Amino acid sequence: ELKQALMLSCRIKQAPWLFKRHLKITNTRNHSDGIIPTTLNRLEVAEQAPLISAYSTLGFTLRGVRVIGSVALLPRGFFHWNINQIEDMRPEAFALFHMVVPRLEILVIGTGSKLVFPDAITRQFLRSKGISIEVQDTPNACATFNFLLDDGRMAGAALLPPTEPND
């Protein structure tokens, strides 16, 4: 199963037009606020909130769509997030979350199997952009994100897959 998932992930990156039936790549947005350049490919699922229905060491399932690896979630869409470990969570990794309009009220950060806080520079960057953060291990972060969306809040999530299988 791991081999098939990795092969699918590689095929999507190499030939995304083959997967338009399941994934809609809408646009690539380039942004630079003077310091942090960001390029994104948006993967979108209809007009429903991307509630997390499952997670594993491989990634996440969002309303039936599997995402391999880390994921960045917004109230109406999601992105594959090219972050593999907590040490990669530097300010430039969070540029997406302060570009969102309307502004996010809260960003839930899932740090994998264990709770690990991003460094002080990253936390200060997010505060300077007016984004409140909630840092949790990924299983709890998934539940918190779903709850916030269900409550109608403008919430985002930045999630690393857990490194240990869930029970």
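What is the relative accessible area of glutamate 164?

Reply: The model is a predicted one, in which local features need pLDDT of at least 70 and side-chain atom pairs count only at pLDDT 80 or more, while totals for chains, interfaces and linings use all residues. Residues are numbered from 1 along each chain as its sequence is written, and side-chain values use heavy atoms, with hydrogens and water left out.

Glutamate 164 has a relative accessible area of 42%, so it counts as partly exposed; buried means under 20%, exposed over 50% and partly exposed in between, with a 1.4 Å probe and protein chains only. Its side chain meets that of lysine 114 in a salt bridge at 3.2 Å, N to O, the term being used for a side-chain nitrogen of Lys or Arg within 4 Å of a carboxyl oxygen of Asp or Glu. The two partners lie 50 residues apart, with lysine 114 in the loop between β8 and α3 (120-128) and glutamate 164 in the segment after β10, and they link distant parts of the chain. Helices (H or I, at least four residues) and strands (E, at least two) are DSSP runs, numbered from the N terminus. Lysine 114, at 53% relative accessibility, counts as exposed.

The structure holds 3 salt bridges. One of them joins the side chains of arginine 153 and glutamate 105 at 2.6 Å, N to O. Because arginine 153 sits in the loop between α4 (138-150) and β10 (155-160), and glutamate 105 in the loop between α2 (95-99) and β8 (106-111), this pair ties together parts that are 48 residues apart in sequence. Arginine 153 is partly exposed at 32% relative accessibility, and glutamate 105 is partly exposed as well, at 36%. Another bridge brings together the side chains of arginine 90 and glutamate 92, at 3.2 Å, N to O; arginine 90 is partly exposed at 38% and glutamate 92 is partly exposed at 40%.

Aspartate 137 is buried yet has no salt bridge, and lysine 114, 9.4 Å away, is the nearest side chain of opposite charge; Lys and Arg count as positive here and Asp and Glu as negative, while His and the chain ends are not counted. What joins the side chain of aspartate 137 to that of asparagine 140 is a polar contact of 2.7 Å, meaning a pair of N or O atoms within 3.5 Å, where within protein one must be able to donate a hydrogen and the other to accept it, and residues adjacent in sequence count only if both atoms are side-chain atoms. When residues up to four places away in sequence are not counted, aspartate 137 touches Gly110, Thr111, Gly112, Ser113, Lys114 and Leu115, a contact being heavy atoms within 4.5 Å.

The loop that holds lysine 114 runs between β8 and α3. At the start of α3, a side-chain oxygen of aspartate 119 reaches to within 3.2 Å of the backbone nitrogen of isoleucine 121. Thr122, Phe125 and Leu126 are buried in this helix. Seen down the axis of α3, its buried residues fall within an arc of 95°, so they line one face of the helix; the arc is that of the directions from the helix axis to the C-beta atoms. These buried residues pack against α2, β8 and β9 (132-136), whereas Ile121 and Arg127, on the other side of α3, are exposed. Just after α3, glycine 130 takes a positive phi of about 80°.

Helix α2 includes methionine 99, which counts as buried at 8% relative accessibility. Methionine 99 and lysine 129 are 30 residues apart in sequence and 9.5 Å apart in space, C-alpha to C-alpha.

As for the whole, the protein chain has 4 helices and 10 strands, and 45% of its 167 residues count as buried. Among its contacts between residues at least 6 apart in sequence, 62% join residues at least 24 apart.
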